Amino acid sequence: MPGFLAFRKWNSLRILYLSKKSKLARMLQNYFIVAWRHLTRNKGYSFINIAGLGIGMAIALLIGLWIADEFAFDHYHTHHSRIAEVKIQQQVTGALAPGQVKTTTSASISTVLGPVLRKGYEDVFRRTALASFPAPNRLINYGDRSISRGIMWVQPAFAEIFTYHMLAGSTAALRDPSTLLLAQSAATALFGKADPIGKVIRIDNKMDFRVGGVYEDQPFNTSFHEVQALLPWDNKAAAWLNTNTNWDNHNSTLFVQLADGATPEQATARIKNLPTPHITECLETLLAVPLDRLHLHNESDGEEGRNRIRFVWLFGTIGAFILLLACINFMNLSTARSEKRAREVGIRKTIGSLRGQLIGQFLGESVLTVLLAFVVAMGLAYLALPTFNNLAAKEMSLPLFSPGFWLAAIGQVLLTGLLAGSYPAFYLSAFRPVKVLKGSFRAGRGASLPRQVLVVTQFTVSLSLIIATIIIFRQIELGKDRPVGYNQEGLITVDINTDSLRQHYDALRNDLLHTGLVANVAESSYPTTGFWDNNELLWPGQTAYQKELEYRNVTVTPEFGKTVGWTVLQGRDFSRDYSTDIDAMVVNEEAVKVSGFRNPIGQRVSLFDKPFTIIGVVKNMLTNSPYEKIEPAVFTETGYVLAITVRMRPGMPMQTALAAIEPVFKRYNPASPFFYHFNDEVYAQKFAEESRMGHLATIAASLAIFISCLGLFGLASFVAEQRTKEIGVRKVLGASVLTLWGLLSKDFAKLVVLSMFIAMPLAWWAMHEWLQSYVYRTALSWWIFAAAGVGILVITLLTVSFQSLKAALMNPVRSLRAE
């Protein structure tokens, strides 16, 4: 009997549960049916909502992928959170001005640190590895096959600190000074399908190595993805690295894997003052920078040292704002059409619907709309991703098989649905059924206030993006219009990747000139697009401040100035007619300025303990960042050369000229393909980051305006529909079409004007802060703000004019027939 009673109780509870479950299912089904009917019944408004939300979500999705890729940089490496790079920080007194302290941070360290940190620091470092800086475009040969790839000299522990998935061989091969590791793509290019292990390849036509291992190519979002050959540190060809015992000689990099439990801060504290006793010219300290910070928070100085994290936050904010604009459209159109749904709410409340149920219904409609918009967004993102990758210099794909992606997508749909539908849901569900069903309900002026606030928010964001886009492009153009100090047209650079070019330079130069297509040829230690070497210049009577100054030191052949087309301001250029020019020096304007030379010609100076006489002053050449101050530079004929600069004759078809000079280079360097760079194209790459930012900002601003105008079009349509009878009466009483257009348009124009007063100071502040990272920057002219404001006002009036004129031109008989 007790068992039977227990069964009956259990069965009753089961029936009650199933009944409630059935009611919940029916309620959700009803919500879906009502939501679907509402969407299909109002196709125009549904299209505006779904299109706006779809575009907004697509942009948010693409920017989200980009941000995830940025934050995942170097996460390919298993121990990425335990890897750090050791950098130096130097404090020089008087480098900027007498008494001022200049602090610089650099990844270039002395190789002496390698063995020092390997012993006695096991409490903070598990592994340490020295490595050279990546050397791009080095010649690699096997038989008659030649490729150009990036290489690095590394200690064996480098391949243990960083992750290298070996497809053949072992990372231990780096312990053999004659064995290297190749990336899979490089091995395939050289050997095809043959087994590369044990085969001998030649690098730069002078170094032979056996292939000891083949590793999987590093992904695009890693620091060393362009390096496709790891060379053994202990090879005799790397003596300039592995035999250095000078603390002052900073020519390599150092990576460490932290010991378990050790932090970068603890490591920095342990090693900070190691170089201080050995460096006398400045205060030099060390710091351990986590690998996870190197990409986004680059502490190094120079052009590459600008922190990318600002771009991440900037475009993350833009993506969030664009999605917010789309949500505002949904809120505005939903609340604007409140009177259309007031009777529905009144009837539902009368027959027993609770406010919570109505809120659930309206939120369900919002989530359904967002779900449809998400399908649209996925399609748009898939179509736009190749273009976006090209624009952002990425290799991203939609992670369709990632559970994390779909969880984030579901979260975005729910969050967007709740964000877009929350205000309409609470607003509509608050209607009082008595007023609604008696016909006395009117939304009133107060009901439009939230919509006006949202419209002002939309156009504040849109106008801010327009102003930002204009200023970004003006900053880019400012850099492009800055005089470079030489003639880039028809100038190409060929890297000297083998000794044969260096040894046969005079014969090569003569043969190039005899083609009739070349105007001049010169050698130099650096191409015109980048001078990097810094050295001290000494002369009698110089001050302590002048002793701390550093000068770009460039080795050139006598024809360099005529080849690049620099302008001699004082004295003369180098010449083969003067044998004494081996001890001569040419300086730029900035060098004369910072040195304080009143009469520089004939001034005796010392560089590398070798005396030189200044014979000429040339106009400043813009060689590094176009947004930074030009640095003092000195040119001599003494030193090592790494580049050949060729000036083509004007008027010659470039392809014809290149085809004619290629056999000449092959004659003296037969094992190497003919690799060259157009100087103007390399220089243009200096604007890549800013240009990328400008194009992304342009797209963002355009889509923000489009989404805002899409919502404005819907609102204008609703307002025109709501005031149809008023317009009819005014037309009967003699109102002109222009008067009616002004009546319907002025309210929207007022909102846009109000948004101008909010957006302009905000945009000024934001862009002023952004420009502070540039020494050479554009002015924030008043006309930029005025032009952007007038432009967005015109766009607004054009958007609302279609509906306004349509309503104004309607036959009043049709609108008043019901009266």
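Helices (H or I, at least four residues) and strands (E, at least two) are DSSP runs, numbered from the N terminus. The views below come from a predicted model, in which local features need pLDDT of at least 70, side-chain atom pairs count only at pLDDT 80 or more, and totals for chains, interfaces and linings use all residues. Residues are numbered from 1 along each chain as its sequence is written, and side-chain values use heavy atoms, with hydrogens and water left out.

View 1. Ala393 lies in the loop between H11 and H12 and has a positive phi of about 55° although it is not a glycine. With a relative accessible area of 34%, Ala393 is partly exposed, a class that lies between buried (under 20% relative accessible area) and exposed (over 50%), as found with a 1.4 Å probe and protein chains only. Leu400 is placed in the loop between helix H11 (355-392) and helix H12 (403-428), and is partly exposed at a relative accessible area of 37%.

**View 2. Asp204 in the loop between strand S9 (200-203) and S10.** The phi of Asp204 is near 55°, a positive value in a residue other than glycine. Asp204 is buried, its relative accessible area being 5%.

**View 3. The aromatic pair of Tyr164 and Tyr215.** Rings of Phe, Tyr and Trp (its six-membered ring) pair if their centres lie within 6.5 Å, and planes under 30 degrees apart count as stacked, over 60 as edge-to-face and the rest as tilted. A search of the whole structure finds 21 aromatic pairs. In the pair shown, the ring centres of Tyr164 and Tyr215 are 4.8 Å apart and the planes stand at 80°, so the pair is edge-to-face. Because Tyr164 lies in the loop between helix H4 (158-161) and strand S7 (166-169), while Tyr215 belongs to strand S10 (residues 207-215), the pair ties together parts that are 51 residues apart in sequence. Tyr164 counts as buried at 8% relative accessibility, and Tyr215 counts as buried at 1%. One aromatic cluster is formed by Phe158, Phe162, Tyr164, Tyr215, Phe224 and Phe255.

**View 4. Charged side chains over the rings of Tyr776 and Phe612.** A charge sits over a ring if NZ of Lys or CZ of Arg is within 6 Å of the ring centre and within 35 degrees of the ring normal. The charged end of Arg482 sits over the ring of Tyr776, 4.0 Å from its centre, and Lys610 lies over the face of Phe612, at 5.3 Å from the ring centre.
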